[in-house]
Amino acid sequence: MKFRKIFINLLLIFIPIKSIRKKIRYNLNNKTISLQKTDFKLPKNILNKIKTYNNKYFYKINKTINGGGHNGYFDFDPNSKDTKSSLNPWAFIRVKNEAITLRASLESILPAIQRGVIGYNDCTDGSEEIILEFCKQYPSFIPVKYPYEVQIENPQSEENKLYSYYNYVASFIPQGEWLVKIDVDHIYDAKKLYKSFYIPKKDNDVVSIARMNFAICENKVYIVPNYYIDVADHWLVKNIQLQWEEVLILGDSFEWKEIPQKEKCKYQSLSSYEILRLKKHIIYHTELTNWHFPFVKQHRKLKIRNDWILLSDFKDQFSYLINSRIDEKLLNKDRIINTYNNFALE
């Protein structure tokens, strides 16, 4: 495999068109794993045990736990106790005013993830109290309060920038151990998430955690077309000198255009976000493992756009993804709406 990659890179030198070279490199460094292939990554005896349980079983047990270890699919494999294993990643979580979905999201990851760091900043909606209560109930999760205000537009100093906040929270995760980025406006399928932890075999392997963006309006489910399921910022990766960088964008964090640092003087106002540039990594794209509800955030106005697709239309237009990259059960309208209605929407 190594010699094949060297050979292809040599051939690329003789391809004059940059866009073609870029596409070939992308295909070389990105692999797609379907639903069926994911199961082949697991030892058969472990897979059989996992199949006999469902997420609700663990959710019910974990709710009764107070101040001790919680239960999950990781209990079936002794290798999951190895702190250096990809089966035992740290949840890397950042929170700002996400009380609506926070508790439900954190509970959804418990059957897959044993430990984590929950960073938070500038919370005024009760998120801090939820985090502290959760970490007290499940002490393998560590609360980390960022000591500076995070300013997206025109930040006053480096400490006020979002990328500095990310690096600060990540500094609590030991070097050489795995982390999985968890966003708390997502609801995770713990079984599918845990099975994806078997994919990495090498230190430079990265698992891109597939998501789908949903908007709920008048009892209708819309799919918001931002990558659909392949994403650039949601991954399982080994913590080997990871460093987030500043990225300047025009627009908001959902629809944005990156502006090179050398061109920032052309704009009166830019937003400062973060990016982790994964270089020399092999990226594996998984089946859908979680639902993203971006429009429950108060700063995002729910306004239906022409490019949004009704769930029923999505199933028709993208039928080739169903049961290859997307388990059809995760496109059940009633399940999605019930999950949404159980958020702390008040």
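A cavity is a set of points, on a 1 Å grid over the protein atoms alone, where a 1.4 Å probe fits but cannot get out, and lining residues have an atom within 4 Å of a point. The model described here is predicted: local features need pLDDT of at least 70 and side-chain atom pairs count only at pLDDT 80 or more, while totals for chains, interfaces and linings use all residues. Residues are numbered from 1 along each chain as its sequence is written, and side-chain values use heavy atoms, with hydrogens and water left out.

**Cavity and pocket**

The count comes to 1 cavity of 30 Å³ or more. The largest cavity holds about 40 Å³ of space, a volume being the space filled by probe spheres set on the points, which are joined across faces, edges and corners. Its lining consists of Tyr-59, Asn-62, Lys-63, Glu-107, Leu-110 and Tyr-138. Helix α5 supplies the largest share of this lining, 3 residues. Helices (H or I, at least four residues) and strands (E, at least two) are DSSP runs, numbered from the N terminus. By class, the lining of the largest cavity has 3 nonpolar, 1 polar and 2 charged residues. Here Ala, Val, Leu, Ile, Met, Phe, Trp, Tyr, Cys and Pro count as nonpolar, Asp, Glu, Lys and Arg as charged, and the others, Gly among them, as polar.

A pocket, by contrast, is an open set with protein on both sides within 12 Å along at least five of seven lines. The second largest pocket contains about 940 Å³ of space. Of the 29 residues that line the second largest pocket, Asn-55, Lys-56, Tyr-59, Tyr-188 and Arg-335 lie nearest its centre. Elements that each supply at least two lining residues include α5 (55-63), α9 (190-196) and α11 (333-341); α5 gives the most, with 5 residues. The lining of the second largest pocket divides into 8 nonpolar, 8 polar and 13 charged residues.

**Salt bridges**

The model has 15 salt bridges, each being a side-chain nitrogen of Lys or Arg within 4 Å of a carboxyl oxygen of Asp or Glu.

| Pair | Distance |
|---|---|
| Lys-145 and Glu-128 | 3.6 Å |
| Lys-192 and Asp-327 | 3.0 Å |
| Arg-277 and Glu-245 | 3.2 Å |

Lys-145 lies in strand β4 (residues 141-145) and Glu-128 in helix α7 (residues 127-137), so this pair ties together parts that are 17 residues apart in sequence. Lys-192 in helix α9 and Asp-327 in the loop between α10 (311-317) and α11 are 135 residues apart, and their pair links distant parts of the chain. Lys-192 is buried, at 11% relative accessible area, and Asp-327 is also buried, at 15%. Buried means under 20% relative accessible area, exposed over 50%, and partly exposed in between (1.4 Å probe, protein chains only). Arg-277, at 34%, is partly exposed, and Glu-245, at 36%, is likewise partly exposed. Salt bridges that share partners also join Lys-63, Arg-103 and Glu-107 into one network.

**Thr-339**

Thr-339 is placed in helix α11 and, at 18% relative accessibility, counts as buried. Its side chain reaches the backbone oxygen of Arg-335 at 2.9 Å. Leaving aside neighbours within four places in sequence, Thr-339 is in contact with Ile-187, Trp-291 and Phe-293, where contact means heavy atoms within 4.5 Å.

Conventions:
A polar contact is a pair of N or O atoms within 3.5 Å; within protein, one must be able to donate a hydrogen and the other to accept it, and residues adjacent in sequence count only if both atoms are side-chain atoms.
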